[in-house]
Amino acid sequence: MEKFFLIKERSSSVRAEIIGGLTTFFAMAYIVFVNPNQVAADGAAGWLVGLGADAAAMGKIWNATYIASILVAIVGTLIMALYAKMPFAQACGMGLNAFFCTTFVSGAYFAGMDVVKGYQAGLVIILLEGLVFLLLTVTGLRKQIATGMPDCLKKAIPAGIGLFIAFIGMQNVGIVQANQYTLVQFVDIHGALFGEDGGGWAAIAPAIIALLGLIIIAILGKLKVKGNVILGILITTVLYYLLTWQLPSFDVSAIGQSFKDFGEIGITGIFQADSWKNAFSGANIGGVVNAIILIISFCLVDMFDTLGTLYGAASQADLLDENGDPINVGKCMMADSVATCAGAVFGTSTCTTFVESASGVGAGARTGLASVITPACFFVCLFLSPLASIVPSAATAPALIYVGVLMISNFSKVDMTDMRSAVPAFLTLAAMPLTYSISNGIGIGAISYLLITIFTGKFTKKDIVVTIIALLFIFRFVAITM
């Protein structure tokens, strides 16, 4: 074990690796609850069902995604442990899961399609993205694309995703509500409590409890409590049932149903002809060009999310080479792309290296042994689906908002004194939540950067990558309504 993982060479110990692996798990365990809620719009009792979607179908997607999310975390992190031998964990990426839902699941419903077919078509897009990612990694083009994208967009994309998922979290529990005059408004507490047919406390309880949950997570984070997010979710869940005078239902049979739905619509999804047909011609996709744009968008987001995490966590662990790059970075990116393909086969959204890995590094993890401990913990979660199902949106929404806070910090690194950086970065940041699309944000940011660069005479060879991306998005915006 010592020889394989190089524990002494990296100035670590078995005890430190075990503690680091456990710390990483507890820091990212919230994904077990949050990812199926994001992909399946909160499942059978979620907001999409409230708008008219089939509850049984949404429940099946939730169950399939629950199992798939855990399996991909296990497989992806084990690949990172045994192949790359690094102390990083993988799981379904935040923001990418929201992107998946709005494009394929809720997108299918609003386009009049079967939501299960939309979900399965999305898995095809994720598989193709993973294969493209794999090809780019093997050929070395991935690094060239990463270095070719403007630095301002690299910083703005994760920040925009953070703002987007925070907005989604606020929507899910009614902190942000629709308004016919201003489009959105803050939860109407006075109207609910004192207005006619306002709904009373029950109407605003999720929003108020979610805000309390966010404060709890922030306080725990400030106190440097390990696993503050998962602890915040659990505490907020208890508060929800206490403050709404409800009793959670705990159905052990849900374990078997989760595996059944996983087998019926999850792991079988990409092997159905209709899935491939709908991936390129479905009403929610809009055609081949849009499918290609979606593949590129998922690929770009995954790329910069992974690279940012790898560089940040590796720097903290002192695992950088003489050039300032993470050691085994090629193998890490390979593990990431293979895990994304595995996730599509299992039935969930893009898998990426998790920024919470830094918490394990902070606790002493330096080798792949830590990344063996983390998936062992995830394995136990496979049989806890009844527990996951009792966690309300009011408890998972604070986690979304908090992760948004962490991700938006990337924007502070943008050079706001240079308009060639400031304007494209701002447009990327703002367009994602305001147009409800991550890909729109990337496209608008790329186009604005290209135009400003050309008309200020700053265009160079290194701008070829962003030029290609911008031209693809221009064609998409002009030719396709989405």
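**Figure 1. Radius of gyration of the predicted model.** The protein has a radius of gyration of 22 Å, which agrees with the value near 23 Å that a compact globule of 482 residues would have; the radius is taken over C-alpha atoms, and the globule rule is 2.2 Å times the number of residues to the power 0.38. Along the principal axes, the C-alpha atoms fill a box of roughly 65 × 55 × 50 Å. The secondary structure comprises 23 helices and 4 strands, these being DSSP runs numbered from the N terminus (helices H or I with at least four residues, strands E with at least two). Buried residues account for 58% of the 482 residues, where buried means under 20% relative accessible area, exposed over 50%, and partly exposed in between (1.4 Å probe, protein chains only). This is a predicted model, in which local features need pLDDT of at least 70 and side-chain atom pairs count only at pLDDT 80 or more, whereas totals for chains, interfaces and linings use all residues. Residues are numbered from 1 along each chain as its sequence is written, and side-chain values use heavy atoms, with hydrogens and water left out.

**Figure 2. Aromatic pairs, including Y109 with F110.** Rings of Phe, Tyr and Trp (its six-membered ring) pair if their centres lie within 6.5 Å, with planes under 30 degrees apart counted as stacked, over 60 as edge-to-face and the rest as tilted; the count by this rule is 16 aromatic pairs. The pair of Y109 and F110 is edge-to-face, because the ring centres are 5.3 Å apart and the planes stand at 65°. Y109 is partly exposed at 23% relative accessibility, while F110, at 54%, is exposed. Elsewhere, ring pairs join F99, F100, F104, Y119 and F298 into a cluster.

**Figure 3. Lysines over the rings of F4 and Y83****.** A charge is taken to sit over a ring if NZ of Lys or CZ of Arg is within 6 Å of the ring centre and within 35 degrees of the ring normal. The charged end of K85 sits over the ring of F4, at 4.1 Å from its centre, and K331 lies over the face of Y83, 5.4 Å from the ring centre.

**Figure 4. The loop that holds A111****.** A111 lies between α6 (96-110) and α7 (115-139) and, with 31% relative accessibility, counts as partly exposed. Apart from neighbours within four places in sequence, A111 is in contact (heavy atoms within 4.5 Å) with A283 and N284. From A111 to S349 the separation is 238 residues in sequence and 20 Å in space, C-alpha to C-alpha.
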